[in-house]
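Here's a quick briefing to read alongside the structure.

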Amino acid sequence: MIACLTIPGLELKAALRRTPSLALRPAALAPEPQEEPRLGPVTAAAEAAGVRPGMRLGEGLATCPSLALVEPDAAGAERVWEEILHALEDAGFSVEPASLGVAYFETRGVERLYGGLEPALRRALAAVGTEWDARIGAAGRRFAALAAASVARPGQLVVVADEELPQFLAPLPLTLLPLERGRYEELEALGVRKLGQLAGLPGGAVAERLGPDGRRAWGLARGGTAARVRGRRPPSPVAASLEFPEAVGNELTLRRALARLVESALDELRLELVELTEPTGHQLELLAAGAEDRSRLRDGLRQVRASTGSGSVCTVVEVAPWSRVPESRALLVPKDE
C-alpha cells in the first residue's frame, strides 16, 4: 500500500508558534508581498466565521472584520517540516516529500515491523505527534492515497481498497486535482464539479478541451497510476564550532572567524540555480551617466551651496567600518566643487 501523510495549513501552524494566542481566534495566513492578495490557510475560528482559504483579502476582512493576518514564516515552516520528516525516518519510514505538508511512503517494508498496516500507520502518526493535526490516507495508488488523506480527520487513518476506489473517488471535489484556477471554473461551467463526473467523460474529449493537463487530471480522477514511492536520502548535518576565550566585540574578528568556520566545515561550496522566475520589475537608474546629466547635477549643487552655505553639500567617507557603533563607521565631509 502507498500511504500519504498530510498536514493541512502547516505554514499557518508554523507561523502561529510565534503568537500562539491567535490559534483560537479568527486568523489567516497573510498573502506574500508579490503574489495575488488571497488568504492562505485559516484557523478553525476563522472558518466558523465564514472565511475560506483562497478568499481575496478584502472579501475575507469584510466577512470577518476581526480577522487577524499572520505574517508568513517560510523558513520556520521548512524547518518544522524537516523535523517531521526526520521523525518519520527515525521511525523506519522511507518518505518522499511531495510539497510542504504532504509526504508519501510505502508500508510494505514496515508492516511486518509493526504488526500490520494499521499499526504501522498509527506509528507514523505517533512519530509526527498531535501538535500538527496530521492525517493519513492509504491506497494502492498515489492519488488515491492523497484523496483518502484529504477526507481523514486530524489523527485519523483512511484506508481504501482497490475495489472500493471508483465509488470512493466519485463524490470528491475537483480541487484535489492539480489544475489551474481557470480550469476549475471552466469545468464547473460545464457542470463538472466532482471527480466521478470528470472520470465519466471520454478521455479524448477532455484532452481536446483542456489539453495535456486535462488528460492527466482525467486519469487521476479515475484513480491515477500505481507509481512507485522513491524515498529521499536524508540530509547529513554538517557542524563546526569555534570558541573565543573571552567576549569579542570586533566585527572584523567575527567575520574572519565565520570564514574560518565555513572553511573547516565545508570542503566544497557550490551554488545551484534550480529555477528562474519571471522578472517582477525593472530597476531604473537613479542618475544617468551622460555628460549633460553631470553638468545639471553640478549646477544644482552650486545653487544649493549658494543658497545654504558652503558646508551644506557633503559626501559620506568611511573611517571605521569595523566599529560596533553605526554612527562611528562614517563621517559626513563637505564636498568640494
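Glutamate 106 counts as partly exposed, because its relative accessibility is 28%. Keep in mind that this is a predicted model. Glutamate 106 has a charged partner, arginine 108, and the two form a salt bridge with their closest N and O atoms 3.8 Å apart. Searching the whole structure turns up nine salt bridges, and some of them are picked out below.

**Salt bridges at the surface**

- Arginine 108, the partner of glutamate 106, has a relative accessible area of 64%, so arginine 108 is exposed.
- Another salt bridge pairs glutamate 186 with arginine 183, and here the closest N and O atoms are 3.1 Å apart.
- Both of these residues sit in helix α9 (residues 181-189), with three residues, or about one turn of the helix, between one and the other.
- Glutamate 186 is partly exposed because its relative accessibility comes to 22%.
- Arginine 183 has a relative accessible area of 26%, so arginine 183 is partly exposed too.

**A salt-bridge network**

- The side chains of glutamate 96 and arginine 142 meet in a salt bridge, at 3.1 Å from N to O.
- This pair ties together distant parts of the chain: glutamate 96 belongs to strand β4 (residues 95-99) and arginine 142 to helix α7 (residues 142-151), 46 residues apart.
- Are glutamate 96 and arginine 142 buried or exposed? Both of them are buried.

**How α4 and α6 pack**

- Helix α4 (residues 74-90) packs with helix α6 (residues 117-128) at an angle of about 140°, and their axes are 8 Å apart.
- Angles over 145 degrees would count as roughly antiparallel, so α4 and α6 are classed as oblique to each other.
- The crossing of α4 past α6 is right-handed.

**A nonpolar surface patch**

- Which residues make the nonpolar surface patch of about 330 Å²? The patch is made by Val238, Leu258, Val262 and Leu266.
- Leucine 266 lies in the loop between α12 (251-265) and α13 (291-308).
- Leucine 266 counts as partly exposed because its relative accessibility is 33%. That value clears the patch cut-off of over 30% relative accessible area.

Note on methods. Residues numbered from 1 in each chain as written. Predicted model: local features only at pLDDT ≥ 70, side-chain atom pairs only at ≥ 80, totals over all residues. Heavy atoms only, no water. Patch = residues over 30% accessible without salt bridge, like charges linked within 9 Å, V, L, I, M, F, W, Y side chains within 5 Å. Areas by Shrake-Rupley, 256 points an atom, 1.4 Å probe, with all protein chains shown as cover. Salt bridge = Lys/Arg side-chain N within 4 Å of Asp/Glu carboxyl O. Helix = DSSP H or I, 4+ residues; strand = E, 2+ residues; numbered from the N terminus. Buried < 20%, exposed > 50% of the residue type's maximum accessible area, 1.4 Å probe, protein only. Axes fitted to C-alpha atoms, helices over the stretch in contact; angles between N-to-C directions. Parallel < 35°, antiparallel > 145°, perpendicular 65-115°, else oblique. Left-handed = near helix turned anticlockwise from the far one by under 90°.
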